[in-house]
Amino acid sequence: MSGFGEDGARPAVHPADPHGGPFLRTRFVVPARPRTFLRRRRLTEHLDQALRTPLTMVNGAAGAGKTLLVADWAGNGAGRSGGTDVAWLTTDTAGQGPVMFWAYLLEALRTSGAGLPDDLAVPARAPGVDPALPARLAAALSARERPVTVVLDEFDRVTDPEIHAQLEFVLHHAGRGLRLVLVTRTEPLLPLHRYRAAGELTEIRGAELAFTPSEAAALLACHGLRLPAADVRALVTRTEGWAAGLRLAALAAAQSADPRTQLREFEADRTTIADFLLAEVLKRQPPATQDLLLRISVLDRFSAGLVNALTLRADAEAVLAGLSRANAFVEHLGHGQYRLHPLFAEILRAHLRMRYPGMEPELHRRAARWLRGSGGLTEALAHAAAAGDQDFTAAVLVDDLAIGRLFTGPHTDDTAGLFARMGPGGTAPAAHLVGAARDLARGDLDGGLTRLRRAERALGPIPPHPAADAPGGPADPRPAGDPSDGPVPRAAARLSCALLRALAARLAGAPARAEAAAETADRLRDAVPEPLVDGHPEFDALLRTHVGAARLWAGRFAEARTALSAVTGAGADRAATAPPRADALGLLALIDYLDGRLGAAERAARAAIAEAERYGLPRPAGSGVEHLVLAALALDRDETGQARTLLDAVDGCEPAVRDPVAEAGRAIVTGRLHLARGEPRAALKAVDVEIPAERPSPWAQRERAVVEAAAHLAEGRAATAAELLARLPEEQGAGAVDAARVELAAGRPARAVHLLDRAGPEGRGGPGVTVRAALVRAQAADAVGDRATALRFVARALKEARHERLRRPFVDAGPWIRPLLGAPPLDRLAAGWLTRGGPAAPYGPSAADAERRPPVVEELSGRERDVLRRLALMMSTEEIAADLYVSVNTVKTHLKSVYRKLAVNRRGEAVRRARELGLL
């Protein structure tokens, strides 16, 4: 099908950073000091201690001069004199969560020249950062010959306790490789008491930041003011040495005809400062500039182009440069970016609401339009949400074909949070699409489909030639890509519908509907501008993954592999596509496992986990199938403890996608674990779950029947087991092997061999199939007394199983195989990995030795050995239970496991066999 072939991957787009957009480089730039900045030696000398302690905290109120102090220290030789690199990061967006914080911190380190390992990639998705990332960063820093000093400015904006805990972990384990300087208004959530007690904390607080009278006099002199000492002391007393208050007072006095009177009348409370800024800063500007300042107060950072868009003028660049040069509280950040002093901006916003009621939402709309057109989708969405119009905000997302951001990428939770805070409103198609995406993302299939149908009805039927309905086409008179209150550009919206249809089909176990969604997407893709499609590689990655999962559920493994392989092979360096890549790798691992290709399955499953770790994705990144595959492999290797651990890891977290594939896989692996533990009834209960799906899955039905049949066989109900497998369609591969095993259990070895001959499973799968098939043939031969043939097939099974360490098939084979495993030359093939002891001697033990030391395929647990030792002392079951402080039923369970592992049926036989093996 077009669009999903192996050669159909679109070329990856490589933005400046792994977040889908450029890093804001101004956040890594040490802020410039104004012309009137006063360097205070006592503070810079105190800051020099930062090079001798792991942690430094500069803590004071807003406007206390913290940032300029540290910027001056960092920009004037702190690194050169102390033999350290200085990395600066303004953490004003870290409130978005750990992912954005660590992404920017790693980039700040690289920008500073601090070499980091190439595999230390930035995290890719919220809500959490994998513990491996802080650990790898700490290890890299601890190995440095010269430390790096990291300055985190505005750290009070970082409120997430997880970030504080992770940062403290890095600081603690980086040793002498890291010096951390926090510029903050509040104390961080770090164990400061420990650092204080150890003398490892340098602190500069508000009292120390306050200007002394001599410093205030020097500051006033920088503004051209020479005042009597008494006037300076009075000003310092009134302002309590607050840097911003002094600077505001100095600025006002410098513009006054009577500076001394101005300073005496200046009050430092917030109302007076507001009045001062409005009267002495804002109103001193020309009316047009006043209007510009009021309008840009809704922006955090801005360029001349953005300001022109808000003010509907063309001279913003010259105006901003003039304001910056005049120290009119417009700060030039470099790279053409500016910002207002935060206090000034806050006062301006309040004045904006009074002078122009109702204008603020429209300014946010204009900012959203301009930012979206310049590639700043994240900022555009924030401003669109600030406008308070859900239809408009949804249109910004959908028109950009960015619906995938609600499922993958570093901004997933932030984007979803914008709409969650706006409530359930919105009646336009785009709003319905966003609502459907949010419902489907949390597994609400009914709610998602209801909203999706509303969007589709509003959009109308797809025309025969969708390109005519594209943005800017005849059916849409608006300019291409212009979000508005009218209908969203239909092609992008309909393409988004196709993606959500594919996801809904995956969740519903409806492969036919997934294929229909993929075909619709193929028809619509050409109607969307190519740069828009190429700019969102996550769209195709998500679509292919959902279609691949639906095909897998239907048992169409080859077609599923085609779609999923296209995901794993495209855009491998893009953080936005990391979640679907990890998801696709997990699904590919399951396909390999079901085909019996265990080595390939393990490689794919571990690649999925590595992808999640590389980009800091939550576990599991997709449906968690990769963990289920590894659990199944652990069972095949008779590592039941590891299998339980892996299952617990899946049960203990919420997967990103809860689809029928994962639900069926979890039930089947859990059932197999109970079988391995000798708990057939628990196995039957584990697989007796209803998997909601539009159509049944052939492989899921088969695997469930195999578990049920094995449980019935374990309790002696061979006829029931045979009846279960007989209900399935005629199977080949693994299914034929399982059916043949049931025939053997029923005492029909010839029938078992006939099933294998007819199906030919040896040529249709990997070791997971061929080893079991060989053992069935061996058991059938042993049952009719053909020892030579039995030895030959067991040898074949050992050779194939040894590389994959497949122990479980030999455990499940039963007692008949144990004498064969102890006989030459099979003992050499089994030694070390399957039977007790190391590799056999060159010529192997004699047959007599083998008879005296029968091999043990499965090791006894510690508790089972405790029970066995008391069994040898002729203790009763009740006495053993009392001696071990366990229940009688627990002892009986351990005894059943001991009997099974030693291939015996009675107590005396168990003790005798244990002594032969040296266990007693």
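**A tour of rings and charges**

Begin by selecting Arg40 together with Phe211 in this predicted model, where you will find that Arg40 lies over the face of Phe211, at 3.8 Å from the ring centre. For another arrangement of this kind, go on to Arg792 and Phe793, and look for Arg792 over the face of Phe793, this time at 5.2 Å from the ring centre.

Now turn to pairs of rings, of which the structure holds four that are aromatic pairs. Select Phe28 and Tyr104, which form one of them, and note that this pair is tilted, with 5.6 Å centre to centre and 40° between the planes.

Next, select Phe810 and Trp833, an aromatic pair that is edge-to-face, at 6.1 Å centre to centre and with 80° between the planes. Phe810 belongs to helix H40 (residues 808–813), whereas Trp833 is found in the loop between helix H42 (826–830) and helix H43 (847–852), so this pair ties together parts that are 23 residues apart in sequence. Finally, consider how each of these two residues is covered: Phe810 counts as buried because its relative accessibility is 1%, and Trp833, with a relative accessible area of 12%, is buried too, because buried means under 20% relative accessible area.

Conventions
Residues numbered from 1 in each chain as written. Predicted model: local features only at pLDDT ≥ 70, side-chain atom pairs only at ≥ 80, totals over all residues. Heavy atoms only, no water. Phe/Tyr/Trp six-rings, centres within 6.5 Å; stacked < 30°, edge-to-face > 60°. Helix = DSSP H or I, 4+ residues; strand = E, 2+ residues; numbered from the N terminus. Buried < 20%, exposed > 50% of the residue type's maximum accessible area, 1.4 Å probe, protein only. Lys NZ or Arg CZ within 6 Å of the ring centre and 35° of its normal.
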